[in-house]
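Have a look at the structure first, then read on.

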Amino acid sequence: MQPLPLDSYLNRFSTAIRACLGLHPLVALCGILLLAGCGGGGGDNTIQIGEYSSLTGTAATFGTSTHKGATLVMQETNASGGVLGKQIKLLTEDTQSKPEEAATVVTKLITRDGVKAVVGEVASGRTLAAAPICQSNGVPMITPSSTNPKVTQVGDYIFRVCFTDDFQGDVIARFVHNSLNLKRAAILKDVKNEYSVGLAHYFAQSFKQMGGEVVVEQAYSEGDNDFKAQLTAIKAADPEIIIVPGYYNEAALIVKQGRELNIKVPFMGGDGWDSAKLLEIGGASMEGTYYANHYSTSDPRPVVQNFVKKFHEKYNETPDAIAALSYDAVSILMDAIRRAGSTDGPKLRDAIAATKDFDGVSGTITIDNNRNASKSAVVLASGPDDRQE
Ligand code: PHE
């Protein structure tokens, strides 16, 4: 069997479930944004924005996608005259997929370069390591895609443009319980990853409230590559579905090794599965899997279709959700600088906080009082198990 092309994975399903999902009372959170700041940042004719991304390391596609989305906005903005009469300069630093490196490079961006605002990271653990530095320096930060609830609790300069994991965990639970009609779940989570631990917790909480049962819970650590012991224990508990709230590298290996152990039940993950590498690594084993995500390339809204087209023209690839969220985060930052009429930290922070009904690629974005964004989710599926459609 041939691996499914990513486009087919994304396009085939997606639509399905955007759905009911937005209606839950928890609805959500996540939010937006970015921002600006004080400091030196750019001289008279430029405004410097810092970006910290995992361009290398275990989650390298997260950083490269973020960078592509951010670069596209910056180039479009500069081509149309810039902001407040100035050109935007994006200063990009690699976190190497490590939290300590995230803290180091963000300190550098703020104290050495004097950036007015910071965009990043994707992974919640790395964002949590760097956000306090932005907060204490009064430099607005917008994470495009970190979903752990704790991120924006760091302080009033910290924003996001995505939903949060209490919402995402509930979306996954409702999909499993109500759409797939499965009641016995196993969880295999990355204990070194705050996102994974949080999402596992929120999924279990919602699933149990609905009457579902978590029959076994197993753990691994980012960077592991042999999951046979955990999968054997999971198989013995006879679950109807296996939830893997981790990142794409390990998730794809887990599914692959699960199929090798003759585990036939579906696997499901969250947004951390979002990478072209998922199918490259997992191949045909990814049939019969699902994951929750932030957007679908098959969304017919013009803002989505324009973005997909522009992205494809520039990079010759289909944008993943991280690229879309990064595009939205930087676009919102540009909009906030314009509305603030300034890159002064408090003014920019207030303008970001006032973002309302922004027509983003990843959905309509309003920043709420907790600096999160209320958004809907989609569920993407692959393989023969697309019965929800
Ligand atoms: N939400 C994940 C986290 O907080 C990161 C992520 C977002 C990964 C979107 C893929 C796509 O760690």
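Two strands count as paired when DSSP finds at least two bridges between them. Helices (H or I, at least four residues) and strands (E, at least two) are DSSP runs, numbered from the N terminus. With that in hand, there's an open sheet of 5 strands in the order β2-β1-β3-β4-β5, with parallel pairing.

A word on provenance: this is a predicted model, where local features need pLDDT of at least 70, side-chain atom pairs count only at pLDDT 80 or more, and totals for chains, interfaces and linings use all residues. Residues are numbered from 1 along each chain as its sequence is written, and side-chain values use heavy atoms, leaving out hydrogens and water.

**The five-stranded sheet**
- β2 (87-94) and β5 (158-160) sit at the edges with a single partner strand each, so one side of each has no neighbour in the sheet.
- From one strand to the next, the twist averages 25° (axes are lines fitted to C-alpha atoms, for helices over the stretch in contact, and angles run from 0 to 180 degrees between N-to-C directions).
- Strand β1 (residues 46-53) runs parallel to β2, joined to it by 8 bridges.
- Serine 53 has aspartate 94 in β2 as its bridge partner.

**Helices across the sheet**
- Helix α2 (residues 60-79) lies across β1 and β2, at about 170° to β2 (contact means heavy atoms within 4.5 Å).
- α4 lies across β1, β3 (117-120), β4 (141-143) and β5, and runs at about 165° to β4.

**α3 against α4**
- The axes of helix α3 (residues 99-111) and helix α4 (residues 124-137) come within 7 Å and cross at roughly 25°.
- That makes α3 roughly parallel to α4 (angles under 35 degrees count as roughly parallel, over 145 as roughly antiparallel, 65 to 115 as roughly perpendicular and the rest as oblique).
- On the α3 side the contact includes Val106 and Ile110, and on the α4 side Ala129 and Ile133.
- The contact residues of α3 with α4 split into 9 nonpolar, 3 polar and 1 charged (Ala, Val, Leu, Ile, Met, Phe, Trp, Tyr, Cys and Pro count as nonpolar, Asp, Glu, Lys and Arg as charged, and the others, Gly among them, as polar).

**α11 against α12**
- Helix α11 (residues 321-340) and helix α12 (residues 345-353) have axes that come within 8 Å and cross at roughly 120°.
- That makes α11 oblique to α12.

**β6 and β7**
- Strand β6 (residues 184-190) pairs with strand β7 (residues 213-220) in the parallel sense over 7 bridges.
- Isoleucine 187 stands opposite glutamate 217 in β7.
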